[in-house]
Amino acid sequence: MTTRKRYRGEALDVSFDGARCRHAAECLRGLPAVFDVGRRPWIDPDRAGPDELMRVVARCPTGALRTHPKSGPVEEPAVPTEVTAIPSGPLLLRGDLHVQAAGVDEHETRATLCSCGSTGNGPYCDGSGTCADWPHPHA
């Protein structure tokens, strides 16, 4: 089941799936004029150029954010596929992905998968298990 919401812009749309967001904040740091949690709607795709917006959205490790260009290039998957295992955390994947699980059949370029089996949003990590501190570990 997807909880993805689409934010429409002139050159491209940005979609966001709050159930997959782990608050890495790459969007907020990268383009605070576009991504502003104090504003409604919190995403305004027209506050940056499409190329810059696509670069920043591609930094989102979970795939919670996606771009949908009206024309021109789309986000290219990493080649070869990259898999990063975070100690006591999720599996970060980048590439030409086809994620299949109960209720999930999605083509992705980025995903953060649960490695402990405790997620309530399977197969995606929701921080409810051993990776509760990722991406902001408590020191």
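**View 1. E5 and E6 pair in the antiparallel sense over 9 bridges.** Strands are DSSP runs of E with at least two residues, numbered from the N terminus, and two strands count as paired if DSSP finds at least two bridges between them. The model is predicted, so that local features need pLDDT of at least 70 and side-chain atom pairs count only at pLDDT 80 or more, while totals for chains, interfaces and linings use all residues. Residues are numbered from 1 along each chain as its sequence is written, and side-chain values use heavy atoms, with hydrogens and water left out. Leu91 stands opposite Leu113 in E6. The hairpin of E5 and E6 has 2 residues between the strands, and Gly103 in the turn has a positive phi of about 75 degrees.

**View 2. Strand E4 (residues 82-85) runs antiparallel to E5 and is joined to it by 4 bridges.** Val83 is placed opposite Leu93 in E5. This hairpin has 5 residues between the strands, and Ser88 takes a positive phi near 55 degrees.

**View 3. The largest pocket holds about 210 Å³ of space.** A pocket is an open set of points on a 1 Å grid over the protein atoms alone where a 1.4 Å probe fits, with protein on both sides within 12 Å along at least five of seven lines; lining residues have an atom within 4 Å of a point. Of the 13 lining residues, Arg66, Thr67, Val74, Glu75 and Thr109 lie nearest the centre of the pocket. Strands E3 (65-69), E5 (91-101) and E6 (104-113) are the elements that each give two or more residues to this lining.

Conventions:
Points joined across faces, edges and corners; volume = space filled by probe spheres on them.
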